[in-house]
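Colleague: Could you take me through how to read a ligand shell and a strand with its neighbours, one feature at a time?

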Amino acid sequence: MPRKLENLKKIYESGIVLIIRSESEEEALAVSEAAIKGGIKALEITMSVPNALNVIRILSDKYRSEGILIGAGTILDGETARAAILAGAELLVSPQLNPEMIKMANRYQAITISGAFTPRDVIETLEAGADIVKLFPAEVVGPKYVSAIMAPVPEAPIVPTGGVTPENVHEWLKAGCIGVGVGSYISKAARKDGDYQKVTTAAKEFVQAVANAQY
Ligand code: 3PG
């Protein structure tokens, strides 16, 4: 199976893309490792993390062979997209439609998750060739908005991001989302005391909540 399809399967099957937004390289690495221990299969290191490209390089060297999809988030231009791919990212995520990112990703067969908010954004994102549409910021509209937005484009692969928790994830999946983007619930679980076991526990809880909602 082509590698891109294998990678897409990781998102569709696990239903979670973890967003790492940390204050240091060390924290990003520790959170990522703890979350992977908890069952996370796809994650994005946002470009706002200090030395994000180095974090991507370390994680992809270590985890690519274990079947973990390592990505780069908050990509705002084609140059950053290319740098992230060269560092090992196989998934690129942007908060808004960025045709240069999609073009670069398609050249190297990386997956794209591209931000959208309105019906027009969603359709333009699909037309631009993104693999997955990131509904952002999702918490301000709620799952009903997804059902409504999908009426004209029922096959749109939507991943809501912002405010998704183990308690509400089933509502998003029931509304037709193919998975969810999750940030703080997992990635900030150790912020207060540096106990990364809490990240692993939160990841396990999320993985279980998605599995319960999927089947
Ligand atoms: C982000 O870009 O960091 C996301 O919006 C995360 O949202 P969350 O922390 O509410 O999951």
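Colleague: How do the residues of the shell around the ligand divide into nonpolar, polar and charged?

Modeller: Ala, Val, Leu, Ile, Met, Phe, Trp, Tyr, Cys and Pro count as nonpolar, Asp, Glu, Lys and Arg as charged, and the others, Gly among them, as polar; here the shell holds four nonpolar, five polar and one charged residue. This is a predicted model, in which local features need pLDDT of at least 70, side-chain atom pairs count only at pLDDT 80 or more, and totals for chains, interfaces and linings use all residues. Residues are numbered from 1 along each chain as its sequence is written.

Colleague: Which residues surround the ligand?

Modeller: A residue is near a molecule if its C-beta atom, placed from the backbone, lies within 6 Å of it; the ligand is surrounded by Ile19, Arg21, Thr161, Gly162, Gly163, Val164, Val182, Gly183, Ser184 and Tyr185.

Colleague: To what is Ile19 bridged in strand 2?

Modeller: Strands are DSSP runs of E, at least two residues long, and helices are runs of H or I, at least four, numbered from the N terminus, while two strands pair if DSSP finds at least two bridges between them. Ile19 has Glu44 as its bridge partner in strand 2, and three bridges join strand 1 (residues 16-20) to strand 2, the two running parallel.

Colleague: Is strand 2 mostly covered or uncovered?

Modeller: A residue is buried if 20 or more other C-beta atoms, placed from the backbone, lie within 10 Å of its own; in strand 2 (residues 42-46), five of five residues are buried, with Ala42, Glu44 and Thr46 on one side and Leu43 and Ile45 on the other.

Methods: A residue is buried if 20 or more other C-beta atoms lie within 10 Å of its own, exposed if 12 or fewer, and partly exposed in between; C-beta atoms are placed from the backbone.
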